[in-house]
Amino acid sequence: MIKFFRRIRKQLLTENPPIGRAGKFSSHLIYTTREILIVLIGILIAIQINNYNEEQKLLKIEINMLAGLRFELVSNLRELNHDFNDQQNFYQATKNVHDYIQKKPLVVDSMYKDFFDCFRFNYFFPETSTYETIKSGNLDIIRSDKLKKLIIKVYESDYQRLIKKIDTRRNAAQLLFPYYQKHFRIKNLSEIDIYAGIYLADRKAIAIPNDYAFLVNDSEYETLIIEALFGRSHFLHDYNNAINDVEECITEIDRYLMNLD
């Protein structure tokens, strides 16, 4: 820029005679300065427009990411609520069986469903593809720190805790299922894969003790039921926390997107 002004000054001094030289130089300098300012203003405007366009591009990406994540969270919440309801039923059935062991009432047909339900399990398999895509890219594109922390908590803490608990319960089931194979008869086996512990269709499946009197006095069975009660109570607690966090996350996404509009 300094060389540019020196060139202009030299040109004015060589082209104009001594008389009136200062006036023409000043006039030319003012004109040149004005042109430079116009160019600079144009450059600044162009930079601002470019920055605005880039911000809008990132905003669109952020909105699309959060919309996809919300859809995924809603789907997972639906499964969580369904599984939580089943887990509550299984927990209640396990409590009932524990009461049978303690009180030893006369056996009635309504007990058979509790005997079956107390060794049933649900396995939570969350959808995480949208989160993994965002995570592999850049989570920082989500500008809300509160929302970002909520999302990470749901996927990295709540879901992982449930998955690990499921693995624990699956290991416990490997002890419980052989006992059931030995001491119970399962009705509707065509609907139930008892060996894999997979619940397929029939909610009316029942487990009939081979020897009820032996069962309610067997210390091994009592130990298995107590362990199941303990595990299920913790399982319900973790399910409840996950549901609350997912609901909060969905609400926060809705609030955040609304403020962006």
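**Close-ups of a predicted model**

There are 0 disulfides here, a disulfide being a pair of cysteine sulfur atoms within 2.5 Å. The model is predicted, so local features need pLDDT of at least 70 and side-chain atom pairs count only at pLDDT 80 or more, while totals for chains, interfaces and linings use all residues. Residues are numbered from 1 along each chain as its sequence is written, and side-chain values use heavy atoms, with hydrogens and water left out.

View 1. Cys 118 has 0% relative accessibility, so it counts as buried (under 20% relative accessible area; exposed is over 50%, partly exposed in between; 1.4 Å probe, protein chains only). Cys 249 is buried too, at 0%.

**View 2. Around Phe 184.** Leaving aside residues up to four places away in sequence, Phe 184 touches Phe 115, Tyr 179, Ala 207, Ile 208, Pro 209, Asn 210, Leu 215 and Tyr 221 (contact: heavy atoms within 4.5 Å).

**View 3. Glu 132 and Tyr 155.** Glu 132 sits in helix H4 (residues 129–137) and is partly exposed, at 39% relative accessible area. Tyr 155 is 23 residues from Glu 132 in sequence and 9.5 Å away in space, C-alpha to C-alpha.

Technical notes:
Helix = DSSP H or I, 4+ residues; strand = E, 2+ residues; numbered from the N terminus.
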